[in-house]
Amino acid sequence: MRYFIPVSCHSSPLLWVILALGMKWVEEALSCPPQCFCAKWQVNCKGKNLNTFPTTIPLASKKLILAQNNLPRLPLIIMSYLNELVHLDCSHNKITIDLEFSFPGLVKLTYLNLSFNNLTHITSLTFSQLSELLLLNLSGNPLMVKITEQAFEKNIHLRYIDVNNCALSYLSAETFQKLDRLRILKIKDNPWNCDCKFLAFSRWLILTDIQFPDFEDTTCTKPEIMKGLSLRKAKFELHYLCLVHLYPQDFIYICLVTFCIFLGGTLVAWLIGFCTVMYYHPVMRLYDEPEDEDKKKIITS
């Protein structure tokens, strides 16, 4: 595509250079990346063995598919211009993001697929600018060990989250409690550590109205006593182990505390009684003697 702009023959060479660069930028902004397929507002670069993020994506694109490539990262500057995107698929790449990363300018994005990459952490910054996000797929990230409690605090419209097949051992119920529109949460095939710290999350899993596909097949990995139990059964076991069940050392501790309380109470009662007797006894003698002498004088008189 070429654009012709009438320019006076007396224009300076610098103006010609500026115009040429401007037309080149416009041409690249409206062109389709090499090896990709473009149709109206969609750019499809799936399986093109790309090692770098395409730089000539049309700015009006609404759907961008970059799945099944070798992309190591997402460039902030290039993505900041794609503010019309509503659908972004970056699955099956080698993408890593640091703790301070956030998606810039994608204020209209509703679908984001980052599955099967090398993500490690999801923080409160990662999706903080994606206020319209509805569907989020983070599955298949074997290095992803943590999702912070504030990770989705700006994504109140989320309806679908997939964290299947990651490296998560803990999740907090507070991470999802403010997502009133969340309907589906996938958490299968993670190395869940079902200890007492996990109890609050397991209780929330049972009580919430959110759907958990394959929930009955989602099992604990640690500790050894809980290994292989479904999360539903783990909730009841944890309630018994963490809140009800007492070990022998617990009974010994309770007996010692009870004895100390009893001994302390006895000593306090004895001291109060002793002090009372010592305080009132001499006073009574002091005031009783003059009274007896007065009575004797009255009788003798």
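Trainee: Over which ring does the charged end of Lys197 sit?

Mentor: In this predicted model, the charged end of Lys197 sits over the ring of Tyr170, 4.4 Å from its centre. A second case involves Lys62, whose charged end sits over the ring of Trp41 at 5.7 Å from the ring centre.

Trainee: How many aromatic pairs does the structure hold?

Mentor: The structure holds 11 aromatic pairs. One of them joins Trp192 and Phe198; this pair is tilted, with 5.8 Å centre to centre and 45 degrees between the planes. Both Trp192 and Phe198 are buried.

Trainee: Why is the pair of Trp204 and Phe212 called edge-to-face?

Mentor: Planes over 60 degrees apart count as edge-to-face. The planes of Trp204 and Phe212 stand at 80 degrees, with the ring centres 6.1 Å apart, so this pair is edge-to-face. Trp204 is buried, as is Phe212.

Trainee: Which residues do the ring pairs link into a cluster?

Mentor: The cluster includes Trp192, Phe198, Trp204 and Phe212. Phe101, Phe103, Phe127, Phe152, Phe176, Phe201 and Phe215 also belong to the cluster.

Trainee: Is the disulfide of Cys32 and Cys38 right-handed or left-handed?

Mentor: The torsion about the S-S bond of Cys32 and Cys38 is about 85 degrees, so this disulfide is right-handed. Its sulfur atoms are 1.9 Å apart. Cys32 is partly exposed, with a relative accessible area of 31%, and Cys38 is also partly exposed, at 28% relative accessibility.

Trainee: Are Cys36 and Cys45 buried or exposed?

Mentor: Both Cys36 and Cys45 are buried. They form a disulfide with sulfur atoms 2.1 Å apart. The torsion about their S-S bond is about 115 degrees, so the bond is right-handed.

Trainee: Which parts does the pair of Cys196 and Cys242 tie together?

Mentor: The sulfur atoms of Cys196 and Cys242 lie 2.0 Å apart in a disulfide. Cys196 lies in the loop between β11 (192-193) and α3 (199-207), and Cys242 in helix α4 (residues 231-244), so the pair ties together parts that are 46 residues apart in sequence. The torsion of about -95 degrees makes this disulfide left-handed. Cys196 counts as partly exposed at 46% relative accessibility; Cys242 is partly exposed as well, with a relative accessible area of 24%.

Trainee: Where is Gly47 found?

Mentor: Gly47 is found in the loop between β2 (42-44) and β3 (63-65). At 45% relative accessibility, Gly47 counts as partly exposed. Leaving aside residues up to four places away in sequence, Gly47 touches Ala67, Gln68 and Asn69. Its C-alpha atom is separated by 9.4 Å from that of Cys36, 11 residues apart along the chain.

Trainee: How many helices and strands are in the chain?

Mentor: The chain contains five helices and 12 strands. Of its 301 residues, 34% count as buried.

How values were computed
Residues numbered from 1 in each chain as written. Predicted model: local features only at pLDDT ≥ 70, side-chain atom pairs only at ≥ 80, totals over all residues. Heavy atoms only, no water. Phe/Tyr/Trp six-rings, centres within 6.5 Å; stacked < 30°, edge-to-face > 60°. Buried < 20%, exposed > 50% of the residue type's maximum accessible area, 1.4 Å probe, protein only. Lys NZ or Arg CZ within 6 Å of the ring centre and 35° of its normal. Helix = DSSP H or I, 4+ residues; strand = E, 2+ residues; numbered from the N terminus. Contact = heavy atoms within 4.5 Å. Disulfide = S-S within 2.5 Å.
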